[in-house]
Amino acid sequence: MRLINIGFGNIVSSNRIVAIVSPESAPIKRIIGDAKDNKNAIDATYGRRTRAVIIMDSGHIVLSALQPETVAARFDKEDIEE
C-alpha cells in the first residue's frame, strides 16, 4: 500500500485515489456539499482554504489545503521512487 501526504501530517492511500481536482467549479462545489450532507467528506484542511479535492474510490471526498498540482506531484514522485 502506497501513501500520499496531503498536508499537515494527513495521509491517504494512493491506490484509492480516483481524481485530484480544484474546488472552484460549480459541479465540484456540489459534489463537496453532497458529500458533507452524506457524511462522506473528510476535511483535512485544518481550517484553511480548500485548494484540492481528492475523490476516492470509496465515494469519500477528502479536502486538502494543498494545491492539486502539489498533491499530484507527490503522487508522481512516489511512482518514480519505486
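These numbered points describe the sheet, its packing helix and one surface patch in a predicted model.

1. The four strands of the open sheet follow the order E3-E5-E6-E4, and their pairing is mixed. Strand E3 (17–21) and E4 stand at the edges with a single partner strand each, so one side of each lacks a neighbour in the sheet. On average, and with direction ignored, neighbouring strands of this sheet are turned by 20° against each other.

2. Taking the pairings in turn, E3 and E5 are antiparallel over four bridges, and Val21 has Val53 in E5 as its bridge partner. Strand E5 (residues 52–56) is also antiparallel to E6, again through four bridges, and here Val53 stands opposite Leu63. Strand E4 (residues 41–44) runs parallel to E6, to which four bridges join it, with Ala44 opposite Ser64.

3. The hairpin of E5 and E6 has four residues between the strands, and in this hairpin Gly59 takes a positive phi near 95°.

4. In a regular strand, side chains alternate between the two faces of the sheet. In strand E6 (residues 61–64), Ile61 and Leu63 point one way while Val62 and Ser64 point the other way, and all of these residues are buried.

5. Helix H1 (residues 26–37) lies across E3, E4, E5 and E6, and its direction makes an angle of about 115° with E6.

6. On the surface, Met1, Leu3 and Ile11 form a nonpolar patch whose accessible area is about 370 Å² together. Met1 belongs to the segment before strand E1 (3–7), and Met1 counts as exposed because its relative accessibility is 81%, the cut-off being over 50%.

How values were computed:
Residues numbered from 1 in each chain as written. Predicted model: local features only at pLDDT ≥ 70, side-chain atom pairs only at ≥ 80, totals over all residues. Heavy atoms only, no water. Buried < 20%, exposed > 50% of the residue type's maximum accessible area, 1.4 Å probe, protein only. Helix = DSSP H or I, 4+ residues; strand = E, 2+ residues; numbered from the N terminus. Pairing = 2+ DSSP bridges. Patch = residues over 30% accessible without salt bridge, like charges linked within 9 Å, V, L, I, M, F, W, Y side chains within 5 Å. Areas by Shrake-Rupley, 256 points an atom, 1.4 Å probe, with all protein chains shown as cover. Salt bridge = Lys/Arg side-chain N within 4 Å of Asp/Glu carboxyl O. Axes fitted to C-alpha atoms, helices over the stretch in contact; angles between N-to-C directions. Contact = heavy atoms within 4.5 Å.
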